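Please read the points alongside the coordinates.

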Amino acid sequence: MAKHSYLVSVLALLVAGYTTALSSATTTTFIVGDDQGWTMTGVDYVAWVQGKTFAIGDKLVFNYPSEEHTVTEVGRTDYFACAGGNALSNDRSGSTNITLTAPGTRYFICNIPGHCTAGMRLAVTVATGAGSPPGATTPTGDAAGASVRPVTSSFIVKAIAGAMIKLVLS
């Protein structure tokens, strides 16, 4: 019986380590605008989000010349009106990092007059995480430099749990 207890403990540690490693491996850092960054010209941010899947824990990095632009988070109405008066947050440091912490849509604009209306606005929808098939992957990034993020699959965890049950019962 002591041997089974030892094996169960080892398998439990393996499951814990696997799930911890998998959860940290599933976050992605997105450089907004890729090589061009957060800018008024050359990037269509509506097109930039197409084909990307944003998940809880992912990070958005806005790179831009400090003081020339802002990353201003606003509500939906202010996003479409290009209005930053009721901003949820505002930064003009030149490197703004945003962690996506909840499902739903987040809205960002540049609050320098004329910049938002020229196209410097970004709406990012964060997925709830449900509905992905086990073992599926989600392409991220642009076609030239796409990265692949594994979607958490419970297959391995279930297999290890099944092995643990067999050990305990045998």
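A charge is taken to sit over a ring if NZ of Lys or CZ of Arg is within 6 Å of the ring centre and within 35 degrees of the ring normal. The model under discussion is predicted.

1. Charges over rings. Lys52 lies over the face of Trp48, at 4.4 Å from the ring centre. The charged end of Arg121 is placed over the ring of Tyr79, with 5.1 Å to its centre.

2. Strand pairing. Arg121 also belongs to β8, where it stands opposite Ile109. Strands β7 and β8 (residues 121–127) run antiparallel and are joined by six bridges. Strand β7 (residues 104–109) is also antiparallel to β4 (residues 71–74), with three bridges between them; here Glu73 has Phe108 as its bridge partner.

3. Thr72. This residue of strand β4 counts as buried because its relative accessibility is 0%. The side chain of Thr72 makes polar contacts with the side chains of Thr70, at 2.9 Å, and Asn90, at 2.3 Å. Beyond its neighbours within four places in sequence, Thr72 is in contact with residues including Tyr107, Phe108 and Ile109.

4. Aromatic pairs. The count comes to seven aromatic pairs. Phe30 and Phe54 form a tilted pair, since their ring centres are 4.6 Å apart and their planes meet at 55°. This pair links strand β1 to strand β2, across 24 residues. Phe30 is buried, at 3% relative accessibility, and Phe54 is buried with a relative accessible area of 3%.

5. Aromatic cluster. Phe62 and Phe108 form a tilted pair, 5.4 Å centre to centre, and both are buried. Together with Trp38 and Tyr45, Phe62 and Phe108 form one aromatic cluster.

Technical notes. Residues are numbered from 1 along each chain as its sequence is written. This is a predicted model: local features need pLDDT of at least 70, side-chain atom pairs count only at pLDDT 80 or more; totals for chains, interfaces and linings use all residues. Side-chain values use heavy atoms; hydrogens and water are left out. Two strands pair if DSSP finds at least two bridges between them. Helices (H or I, at least four residues) and strands (E, at least two) are DSSP runs, numbered from the N terminus. Buried means under 20% relative accessible area, exposed over 50%, partly exposed in between (1.4 Å probe, protein chains only). A polar contact is a pair of N or O atoms within 3.5 Å; within protein, one must be able to donate a hydrogen and the other to accept it, and residues adjacent in sequence count only if both atoms are side-chain atoms. Contact means heavy atoms within 4.5 Å. Rings of Phe, Tyr and Trp (its six-membered ring) pair if their centres lie within 6.5 Å; planes under 30 degrees apart count as stacked, over 60 as edge-to-face and the rest as tilted.
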